[in-house]
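This report goes through one protein structure by topic. Please look at the sequence and the model below before reading on.

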Amino acid sequence: MFNKFPINEKMYIHSLDGELREATILKRLGDNDYLAEYNGVKCHAIYNPFVNKFYVDDKYGIIKDKMPHRYEPCR
């Protein structure tokens, strides 16, 4: 469906209770699962075809850049 990345447009942001803000879709991760970036935070996003907008989950769908090592504390 979307073949050219990055996609910069207004998207619904979870931490702002669904307000429309400018965010970026970086790549597709799976079926209706996209890597998004909002305010420098990489997170999951989904596309809703009924409203023709992406929903960015910057609350619970945050993607960390590195995995913690065995002896690092988990937070």
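## Residue K53

K53 lies in strand β5, where strands (DSSP E, at least two residues) and helices (DSSP H or I, at least four) are DSSP runs numbered from the N terminus. The model is predicted, so local features need pLDDT of at least 70 and side-chain atom pairs count only at pLDDT 80 or more, while totals for chains, interfaces and linings use all residues. Residues are numbered from 1 along each chain as its sequence is written, and side-chain values use heavy atoms, with hydrogens and water left out.

K53 counts as partly exposed because its relative accessibility is 24%; buried means under 20% relative accessible area, exposed over 50%, and partly exposed in between (1.4 Å probe, protein chains only).

## Contacts of K53

Leaving aside residues up to four places away in sequence, K53 touches K10, Y12, L20, I46, Y47 and N48. Contact here means heavy atoms within 4.5 Å. One of these residues, L20, is 33 residues from K53 in sequence, and the two C-alpha atoms are 9.4 Å apart.

## Pairing of β4 and β5

Strands of a sheet pair through backbone hydrogen bonds, either parallel or antiparallel. Two strands are taken to pair if DSSP finds at least two bridges between them. β4 and β5 pair in the antiparallel sense over six bridges, and K53 in β5 stands opposite N48. The two strands form a hairpin with four residues between them, and N52 in its turn has a positive phi of about 60 degrees.

## Other strand pairs

Strand β3 (residues 33–38) pairs with strand β4 (residues 41–48) in the antiparallel sense, over five bridges. In this pair A36 stands opposite C43 in β4. Two residues separate β3 and β4 in their hairpin, and N39 takes a positive phi near 55 degrees.

The pairing of strand β1 (residues 7–13) with strand β5 (residues 53–62) is parallel, over two bridges. Here Y12 is opposite Y55 in β5; Y12 is also among the residues that K53 touches.

## The barrel

How do the strands close up, and in what order? Five of them form a barrel in the order β1-β2-β3-β4-β5, with mixed pairing. From one strand to the next the twist averages 55 degrees, with axes fitted as lines to C-alpha atoms (for helices over the stretch in contact) and angles running from 0 to 180 degrees between N-to-C directions.

## Confidence

pLDDT is the predictor's confidence in each residue, from 0 to 100. The chain has a mean pLDDT of 90, and 85% of its residues reach 70 or more. Among the elements of the chain, β1 has the highest mean pLDDT (97) and β5 the lowest (95).
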